[in-house]
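Thank you all for making time this morning.

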Amino acid sequence: MSTPTDFNLLTEPWIPATRRDGSQEELSILELLRRATEFTTVGGELPTQRFAITRLLLAFLHRALDGPTTADQWADLWESGQFPEAAISDYARRVEHRFNLFDPTAPFMQVAKLRSASDKEFGLERIVAEFPANRRLFTTRSERNLRSISPAEATRWLIHTHAFDVSGNKTGAVGDPTVKMGKGYAIGPGWSGQIGGVLLHGANLFETLMLNLVSRDAAAYLTIGGSGDVPVWERDTDGPAGHQNPMRPPRGAIELYTWQTRRVRLFGDRDGVTGVLLSNGDKIRPQNMHGLEPHSAWRFSEAQSKKEKKTVFMPLRHVADRSVWRGIAALLPCTASRRTGSGVPQRYLSPGVLQWVSDLVAQGMLPETFRPGIRICGVIYGPQQAIVDEIVEDELLVPVATLRADDPAAGTAAVEAVTDAEHAAGAVWRLALNIAEAAGADTKDTSPGDAARENFYARLDSPYRAWLLTLTPGADLIAARRLWRSTVRNAARAAAKQLITAAPPAAWTGRVIGEKLINLPQAESWFRAALNRKLPHTTDLSADTKEEPAA
């Protein structure tokens, strides 16, 4: 019989999971792993919850399986089509006491008896990200239904808080030596909020977890599963003080999956959670974490490299309203490989998980017909990273051939196709600006061009996703590239026609800007010339210009 202090996440339902027909069911960790093939994905109140919960499940699996240690061991598990119940049950028995949400001495992902100097209990809006205290107009949730939430929902927000909590000052915890005047001063957002989250998705949850379950022999580019690389529930219980000065570096990817950016205490029991105390936890810096964090792409930072006097890569954060395919060059191992012997810093490093799957494909451990999804998820923070402006989520199905670094033809074609789109988008952008300027607009106002460019990319969104799926093994890549280039040219001409039709009469007459007459006929002529120059009608695509797009 359960008591008010019992709510064990291993056996109590709290994870929403979606079936193929779109229906949902809440499950415990053990039940979800046992029935993983029945569900397409885990859910939650926000996409960022899905990301954080998936990573928690990965940490659990890595430790339950004590691996996988090699790609061959991974392949055997993949072929079995299910997670080994005995190994998972044995591990669950060993860590069971650390998964009780209301345990009096070691509550899950919390600090028992955490308190402020005033002993105050705060409202749940501090962790419920869809009800931010400073953005109440952006939610349909009422204050009344935040007076108490279920333990299941509280668990989801607890995990989400450690992963994505905003920066800013927190309540000072008694026993934390960094607290001043009752405040814990800002140490940055949660770790997952500092990266551009990238997960691979399969046809069901079993495939999704397996695709992201990187084996230990990926050590050439990723540290995972080594000594001390354990999740929070295998470490000594935290006290009120976080690891901040000096900061304790994480020991591997598994520890990052459950990194404790905050110290938290929930108030309530299995009948309802009614309050929270939220304080600073373990500070973490994003510089050069690409060897530990597999679920983000990385960019070379010249500024950080000069400052640190060494090569520095930073997480490549997502951009609001930008489809995932537009940034594919930074994701694919063929163009951003982690297996390079060059001493020259690359512009980008592919997410470790995509490099890992590239290696699996090269070894023949995934079928050539396989089409995983690359799903991105992240937070766009506002000023001082103290508020959430936007949550980004998108998914792109890719033929497995495009992930190969050892045979880069398909992936290179996918990247070059995006370059075609960028060239055409630049021409459309300039046409829109020229028309606006000819009609009398401020020459410093780029908004007409920006809007036209985004509308143009929207035209190409569905066509690119469909075209990409044709890059299967044995496909004629030259013919595919010609077809795509034709699609881009036609879309650019259609966008130009729309801009010209909507142009005001003043644009036809035009005006002189910098001793040069700009009018609509001239702008159209320049557009056609730019399109022919950047996307020429040629049978030899390798001879095409490699110039940068205009915008």
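Let me begin with a question: does E395 count as buried, exposed or partly exposed, and at what relative accessibility? Before I answer, please keep in mind that this is a predicted model, in which local features need pLDDT of at least 70 and side-chain atom pairs count only at pLDDT 80 or more, while totals for chains, interfaces and linings use all residues. Residues are numbered from 1 along each chain as its sequence is written, and side-chain values use heavy atoms, with hydrogens and water left out.

Now to the answer: E395 counts as partly exposed, because its relative accessibility is 26%, where buried means under 20% relative accessible area, exposed means over 50%, and partly exposed lies in between, with a 1.4 Å probe and protein chains only. E395 forms a salt bridge with R375, with 2.6 Å between the closest N and O atoms; the term stands for a side-chain nitrogen of Lys or Arg within 4 Å of a carboxyl oxygen of Asp or Glu. E395 is in strand 13 (residues 388-397) and R375 in strand 12 (residues 373-381), so the pair ties together parts that are 20 residues apart in sequence. Helices (H or I, at least four residues) and strands (E, at least two) are DSSP runs, numbered from the N terminus. R375, with a relative accessible area of 17%, is buried.

A second pair joins R262 and D165, whose side chains meet in a salt bridge at 2.6 Å, N to O. This pair links distant parts of the chain, 97 residues apart, with R262 in strand 7 (residues 262-269) and D165 in the loop between helix 5 (151-164) and strand 4 (170-171). R262 is buried, at a relative accessible area of 1%, and D165 also counts as buried, at 7% relative accessibility.

Across the whole structure, a search finds 32 salt bridges, and R19, E25, E31, R34, R35 and E38 are linked in a network of them.

Finally, the overall picture: the protein has 15 helices and 15 strands, and buried residues make up 54% of its 551 residues. Its C-alpha atoms fill a box of roughly 80 × 55 × 50 Å, taken along the principal axes.
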